[in-house]
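Reader: I would like to learn how to read aromatic contacts and surface patches. Could you walk me through a case?

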Amino acid sequence: MSEQVLAALARYGSPALFAIVAVAAVGVPLPVTLLLIVTGSLAAQGAMNVWLAIAIAAVGSVAGDQIGFAVGRWGGKRLVTRLSRMIGSAERIRELDAKAKSWGGAGVFFSRWLVSPLGPWINLASGAADYSWLRFTLWDFLGESFGAALYIWLGLVFSDRVQEVAGILGDLTWAVVGILVAAFIGWKLFFGRGR
């Protein structure tokens, strides 16, 4: 998949960058971190303007995130209601809804670049939890802009070592996700006993 994504970037440039990051933000597993690092490397070679690339990547990602938020807002509640009836735990669903609201902007911001595999799920959860669209969009734009700038600048600075940087960042992202999952499971085991 990486080869096709990078070939599209090399062939079509900015339109491909926009489309790929937008589709990935909706939830399709594409190598966006590698794509952004390669975009930075292309900027280092003069093939792309770095500022335009950052803007295109940020706007494309926000567009995809908005789709996920809208699906959560207008379709998520019905799905959650159906699941809660099947599971029989409407109170638990309300607790999760409150938790999604409490994470708020920080959850949106960090899921754009630090734990990006969680991004599409945060989009859906934010929409389903009736999180303010304006706040979501603000934190989404800030996070996506920061993430695009970070990864494109890494590609710009380390343009001769793109594969190594992408590998390290991919490992780091999954390590952070693993730590968060382990912390959540530990919390559930420790505090879930009292229920």
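Reader: Is Trp113 buried or exposed?

Author: Buried means under 20% relative accessible area, exposed over 50%, and partly exposed in between (1.4 Å probe, protein chains only). Trp113 has 15% relative accessibility, so Trp113 counts as buried. Phe110, in contrast, is partly exposed at 39% relative accessible area. A word on the source: this is a predicted model, where local features need pLDDT of at least 70, side-chain atom pairs count only at pLDDT 80 or more, and totals for chains, interfaces and linings use all residues. Residues are numbered from 1 along each chain as its sequence is written, and side-chain values use heavy atoms, with hydrogens and water left out.

Reader: How many aromatic pairs does the structure hold?

Author: Rings of Phe, Tyr and Trp (its six-membered ring) pair if their centres lie within 6.5 Å; planes under 30 degrees apart count as stacked, over 60 as edge-to-face and the rest as tilted. The structure holds 8 such pairs. In one of them, Phe69 and Phe136 have ring centres 4.5 Å apart and planes at 25°, so this pair is stacked.

Reader: Which parts of the chain does that pair link?

Author: Helices are DSSP runs (H or I, at least four residues), numbered from the N terminus. Phe69 sits in helix H4 (residues 50-87) and Phe136 in helix H7 (residues 133-157), 67 residues apart, so the pair links distant parts of the chain. Both residues, Phe69 and Phe136, are buried.

Reader: Why is the pair of Phe110 and Trp113 tilted?

Author: Their ring centres are 5.9 Å apart and their planes at 50°, so Phe110 and Trp113 form a tilted pair. Ring pairs also link Phe109, Phe110, Trp113, Trp139 and Phe146 into a cluster.

Terms used:
Helix = DSSP H or I, 4+ residues; strand = E, 2+ residues; numbered from the N terminus.
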